[in-house]
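Have the model open while you read.

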Amino acid sequence: GSLLITQTNFTDEDILGGDQKNNIALALKARDDLSPDFTKGVSEPIKNWFPHRTDGVVNPLWPWVAAWLVEDDHLPSADNEVSEADRDLFNRGRRFHLGWTLGALIIIGIAAARAFTLPATLNLLLLVGFGALLPRTAYFQPEPLFFVLFLATWVACLLALHRNGLWIHSVIGVLGGLAYLAKGSVQPLLMVYVVISTARWAWGWIETWRGRDGGTTLWLRRNHWLAIIMMSFFFLMTAGPRLVYSAKTFGDPFHSFPGYWMWFDDFSDAYAWMGKYNHKAALDALPKSERPSFANYAATHTPEQMWSRLIDGTKVKIGELLAPPTTLRGTKQPKPWKGVLEWRGWYLGGLFAIFAGLAITLRWRCPAPMNAAQRLHPETATKTLFVLAAVAGYSLAYGWYTPIGRGDRFMLSLYAPLVLCLVMASESLLRRAKRRHCASWIPKVYCAAHGALALAIIWRLVEILRRPYFKND
């Protein structure tokens with residue numbers, strides 16, 4: 001992490017690019033909210049203390065967190081200038097991201113060590129930490145916060161599909177609200193959860209109508225709608241200050257300029273449109289029928305053009321996630337590394353190979369299941385559909401957004417959840433294999449495979465430490 005901070009994204013040009021300077025400016029504005037002035041009232045200063053300020057692009061959580069790192073004598077600088085105080089805040093923010101990432105990995109490691117085998121836990125930590133979280137710590141942007149909160153929301157959704165207690169839906173609402181305060185990109189995940197869980201409720205209703213027993217599932221159909229209401233309530237309570245501020249400033253609680261940008265073909269046009277309609281009065285004066293939307297985009301583009309943008313963009317985004325740029329090895333003058341885990345797609349493929357191999361072994365080399373404990377969990381299909389739908393939905397959405405938003409930071413949010421899901425699925429199969437009294441070599445080969453993958457990742461880290469130089473793009 002220190003190598004990334006000192007060798008990448010450190011020049012004034014870097015700070016002025018990628019919306020980082022704007023994040024610094026928003027942190028300075030949020031600083032005033034952290035010292036409530038109760039001489040002007042009570043409720044308003046308390047409400048403003050919570051993260052709420054948004055410019056329609058950056059959500060308030062990271063500027064609010066960064067505001068705690070701002071020095072008292074830090075004065076705003078020009079938009080095209082980086083002052084010494086800006087640079088100090090920039091570096092403090094990146095060091096905060098390092099600490100946040102380390103804390104998240106410690107919590108993930110403790111939880112995983114209690115549930116998974118040691119080699120699987122080691123791979124989970126290595127791939128989540130070095131594959132997803134650490135690469136973004138060098139930027140004064142909200143991704144490190146969002147990635148962790150997004151992963152936590154994802155896990156809570158899986159737990160709720162496993163057993164839909166009311167309390168876990170409250171947790172989804174709070175975590176989803178916090179993730180939304182970091183980046184609005186969590187909304188599709190929550191939508192997918194509502195759709196999949198409602199489909200599960202509908203299937204349960206059909207099974208009951210047909211007179212079939214629900215089996216051993218702990219998912220209760222009667223809880224569904226109350227759980228969704230509770231999830232929505234806690235989400236709105238958590239994100240409430242931002243929603244109120246956005247409604248007052250832009251006329252829409254969920255206003256987001258990127259939501260309009262996606263209906264442009266070029267970022268410069270989208271940015272110019274935002275500059276023209278960047279406040280409530282201008283937006284209110286613009287009829288909804290004339291705002292950027294799918295209907296207006298479809299009216300000016302052929303189906304072939306839209307299909308091409310979707311498919312080509314999706315290929316680009318999947319490639320950025322699974323096949324990032326790699327550094328040429330074996331040259332007389334070695335070049336700086338282009339990334340941390342440059343072969344992260346191959347490592348993910350290794351996890352999938354372990355899962356697939358264990359699934360085949362469970363089917364053909366283990367005794368048939370004799371009771372519910374030896375069978376797959378009854379909600380396995382529901383959770384699998386949730387994961388597939390979420391990955392497909394984000395891939396297509398980010399693929400469509402490719403002409404506007406470039407880089408791997410969009411799809412990279414899926415890497416940690418995919419790693420966790422493959423590890424969870426493999427460990428679940430291993431437990432069932434043991435319950436079926438499988439051959440003793442199966443768990444040994446499973447742990448050896450994870451150990452081999454862990455050694456490959458560790459060797460990559462040794463490579464970096466032997467030649468500690470990163471390229472600053």
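1. First, the rule for pairs: a salt bridge here is a side-chain nitrogen of Lys or Arg within 4 Å of a carboxyl oxygen of Asp or Glu. By that rule the count comes to 15 salt bridges. Keep in mind that this is a predicted model, where local features need pLDDT of at least 70, side-chain atom pairs count only at pLDDT 80 or more, and totals for chains, interfaces and linings use all residues. Residues are numbered from 1 along each chain as its sequence is written, and side-chain values use heavy atoms, with hydrogens and water left out.

2. Take Asp12 and Arg87, whose side chains form a salt bridge at 2.8 Å, N to O. Asp12 sits in helix 2 (residues 12-16) and Arg87 in helix 6 (residues 84-115), so this pair ties together parts that are 75 residues apart in sequence. Helices, by the way, are DSSP runs of H or I with at least four residues, numbered from the N terminus. Asp12 is partly exposed, at a relative accessible area of 33%; the scale runs from buried (under 20%) through partly exposed to exposed (over 50%), using a 1.4 Å probe and protein chains only.

3. Glu71 is in the loop between helix 5 (61-67) and helix 6, so the two partners link parts that are 21 residues apart in sequence. Glu71 is partly exposed, with a relative accessible area of 43%. As for networks, salt bridges that share partners join Asp12, Glu84 and Arg87 into one.

4. Glu44 and Lys47 make a local pair, with a salt bridge of 3.4 Å, N to O. They are three residues apart in helix 4 (residues 43-49), separated by about one helical turn. Both are partly exposed: Glu44 has a relative accessible area of 37% and Lys47 one of 34%.

5. Now Arg136, in the loop between helix 7 (118-133) and helix 8 (143-162).

6. Arg136 does have a polar partner: its side chain joins that of Gln141 in a polar contact of 2.7 Å. Such a contact is a pair of N or O atoms within 3.5 Å; within protein, one must be able to donate a hydrogen and the other to accept it, and residues adjacent in sequence count only if both atoms are side-chain atoms. Leaving aside neighbours within four places in sequence, the residues in contact with Arg136 (heavy atoms within 4.5 Å) include Phe147, Asp408, Arg409 and Leu412.

Conventions. Helix = DSSP H or I, 4+ residues; strand = E, 2+ residues; numbered from the N terminus.
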